[in-house]
Structures are given as C-alpha cells and as structure tokens.
Amino acid sequence: MKYRLLAGVSALVTAAALSACSSGGDGGDEAGGVTTVDVWLMRDSVSAAFQKEFTEGFEAAHPDIDVRIQIQEWDGIGQKITAALASNDAPDVIEAGNTQVAQFAESGGLLDLTDKKAELNGEDWLKGLAEPGSYDGKQYGIPYYAANRVVIYRKDLFEKAGIDAAGITTRQKWIEATTALNKGGTQGIYLPGQLWYALAGFVWDEGGDLATEWGGRWKGALDTPEALRGMEFYARLQALGKGPKDSDEDDPPQAEVMAQGQVAQVISTPGGANVVVENNPGLKGKLGFFPIPGKTAGAPGAVFTGGSDLVVPAAAGHPEAAVTFIKELTGDAWQKKLAVAMSYVPNRTTLASAVAADPGASAMAVGAANGHATPNTPGWAAVEAENPVKDYMTAVLTGGDAAEEAARASADITRAMNASS
C-alpha cells in the first residue's frame, strides 16, 4: 500500500505459486513488430489516473511497444516474485520493495543492470534506494520512488506553546520543544517503545549500524558505543510521552492515538496525517510536518528509506523493452509527475524540488537526502522475522542494562543473519 515501508521477505517456491504467477499472456511480439512489455506494479504504488496517463504517454513515445500493467497485492508478493523468477513465464518488469532486491538477486533470477546506471541517471539516485538495489557489487534494482518518516505535529499546540517548528533543526532543540509541549495533559510526543526504524535513524546519526560485515560474515552491532548512544537518545525522547514500551506503532495504531487530541507529535510517513484526520475531522488543517532533526543544524536526521525498485527478471522475454520502460518511468518527466500525484519522494536527489508545494512530501525529500537502508544481504530477512531489535528496545526502556541487552540482541542478529551461510 502507499507509503508501506518494506522489509525483505523470505519465500519458498511451490508448485501452486508457480502456476499462479503467470504474467497473464504470452507477452510476445505481436503483429506489425509491436512488442508487449508485461509489468507488475504494486497495489496503490500508482493511481489509476497516473497509470493511464503514463501508459498512453509511453506508448505514444514508443509506438513499437505496448504496455500491459498488472497490479499485484503486497500480501504474499515475496513468494509470487520468487516463483516468477524461477519460471519461464516471468513478466518483463517487476516492482519490488527496495530491501527485497538482494534476496531476489541472490537466487540468480534478476538481470544485471550495472551497465545501464549512467543511462538511467544513477549518479544522483537516492542512496537508500540504490544501495539495497545492488548485490555483490552489481546493480539489479533501479530506484523507483521513496518514502520515509517525518515528524507530524499539531500546529495549534506548537503555536500555543510558542514553538516554531521551523526552528527545530537539531536533536537538542527537538528535545527542548518536546519537553515544553509535554504539559497540561498533552503528550509532547507519542513514541511507542518498538519503533525500531526510528531507532535505526538515531544509530546511523551516531555513526553506528544495525549490523556490519567482516570477512563475508555479518555481525550484530547494537552493542557498539555508537549504537548505544542512538538507543540513549531514543529513550530520552520516548520518555516525553506515554507511548507503550512493549509495542510498535501499529499496536495501538499511533494515528488513532494522535486523533484523540492529546498528542503533539508522532514519527510517521506523511500519509499518517490523513489517517489522523479521518479519525478526527476536527484536526483538518492543524497538522504540519518537519524532517526528523539531526545532531547538527547542517543536516537532517538519518532515516530509513522505504520504497520500491524496478527489476528485470533474467527470464524476461523482452529485456530491451523492459529497460526502455524503466528509463521512462524513472526519468525526469515522469518522476516529477509521479511525485506530485502520489506525494512520493522522487528517486533522485536532484528532483526533490518537484514536491516543494506538498508539505509532507517536501519534508520527506529533505530527510531522504540522508536516507539509509537495512543491511544489504538476504540474511536480514531472518532478522526481521524474529526481530530481536524490538525486544532489545523494550528491555532497555523497562529498566534493563543497555550494554547487556544490546550484546544479547547483537548475538541474536549475528545468529539469524548467518544461519543459512
């Protein structure tokens, strides 16, 4: 769904999945030398209006190529893509979550697009999309669009407290403002204890990481001094509200909590503001956005970059037409239109101005310039499946020794990442 931030999903190929993943036709050359390029895009990644406009525009510019787009559901997509890549009936282009690409590339099922980077403007791709789109030194995923978290805030509560959101340019100023808001029944921020994507940003800001690679093996890194400083800041911020220490942003849904009227800030993708207003129409026009602050005023805080890449299966029947399709959809003109239509961050840093008029998307674009991804290895899927990071956060927030808990979580990450190696 829109703004969904994907993580890698491990999958098994079954005969049933193989039979279900047909591209829906022969996808072959049609009469008159016209090639049909079959494309899988994900539910809500584009609107029906944008899909129609792009398809008509593309086919007018490329009369020798017809486009056949099939919309796929997020639920079970990892298995379906894995099955398609293992079959002889794969589509020509597939939209994949950015952190899924390494998993699919490891299987040998994707076309190496490294030699297309210059042609596809790879010099200024968003780091958080480009890096997870590569595997073993080769580029398999082409950045499509990005979404990352920002701070959604109550403009009326900020004004009442005499706080100018534009002035919150550092972590320290953020803490000071949140402390000032945390009074009179108002929560300065609603931050659940297990919002681990936010923690990852704080860890990256400190120069740390979730895991590091050495000699071909991965090792959990939550017990490094840098990562511990990230957790220390998370704990300071979390204490300035009443967020539960043992659950994430979905339990309860934090947008619904903010809609109750006593929360000044949440960390969310901008789309969360729409959910807040749906639950409390009285807050329409009262919500604003600003990038997650960094340690200094010179750079925004690091964020996890979610979003999608476009990949070409090795078994694609029309790889040249597939690249032509990708070149158009990820090029300047259509990226700008897509960003405006869907409130996305464009795939390249030089296109950020395209969403300048959209408050939420423009705040995302600022943060995306300091975007990061989870460790770029198929083994990360196993970590997210059991997610010891969440357990670690809860343990620390409920009084556990940070260093001891971090060492335990790092050991769990190490085990999970190397289980299949």
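Which side chain does E206 meet in a salt bridge? The answer is K295, with 2.9 Å from N to O. Good morning, colleagues. I shall return to that pair after a few words on the model.

This is a predicted model, in which local features need pLDDT of at least 70 and side-chain atom pairs count only at pLDDT 80 or more, while totals for chains, interfaces and linings use all residues. Residues are numbered from 1 along each chain as its sequence is written, and side-chain values use heavy atoms, with hydrogens and water left out.

The pLDDT is the predictor's confidence in each residue, from 0 to 100. Its mean over the chain is 90, and 92% of the residues reach 70 or more. Residues 1–28, however, have pLDDT below 50. Beyond near neighbours in sequence, that stretch has 79 contacts in the model, a contact being heavy atoms within 4.5 Å. Where pLDDT is low, the predicted coordinates should not be read in detail.

Let us turn to the salt bridges. The term denotes a side-chain nitrogen of Lys or Arg within 4 Å of a carboxyl oxygen of Asp or Glu. By this rule there are 17 of them.

In the opening pair, E206 lies in the loop between α8 (196–205) and β9 (211–214), and K295 in the loop between β12 (287–290) and β13 (303–304), so the bridge ties together parts 89 residues apart in sequence. Helices (H or I, at least four residues) and strands (E, at least two) are DSSP runs, numbered from the N terminus. E206 is buried at 10% relative accessibility, whereas K295, at 46%, is partly exposed. Here buried means under 20% relative accessible area, exposed over 50%, and partly exposed in between, with a 1.4 Å probe and protein chains only.

A second pair is K390 and D248, whose closest N and O atoms are 2.7 Å apart. K390 belongs to helix α16 (residues 388–397), and D248 to the loop between α9 (225–238) and α10 (254–259), 142 residues apart. Both K390 and D248 are buried. Elsewhere, salt bridges with shared partners join R171, D205, E206, R229 and K295 into one network.

Finally, consider F58 in helix α2 (residues 48–61). F58 is buried, with a relative accessible area of 1%. Not counting residues up to four places away in sequence, F58 touches I65, V67, T324, F325 and E328. F58 and T324 are 266 residues apart in sequence, yet 9.5 Å apart in space, C-alpha to C-alpha. Thank you.
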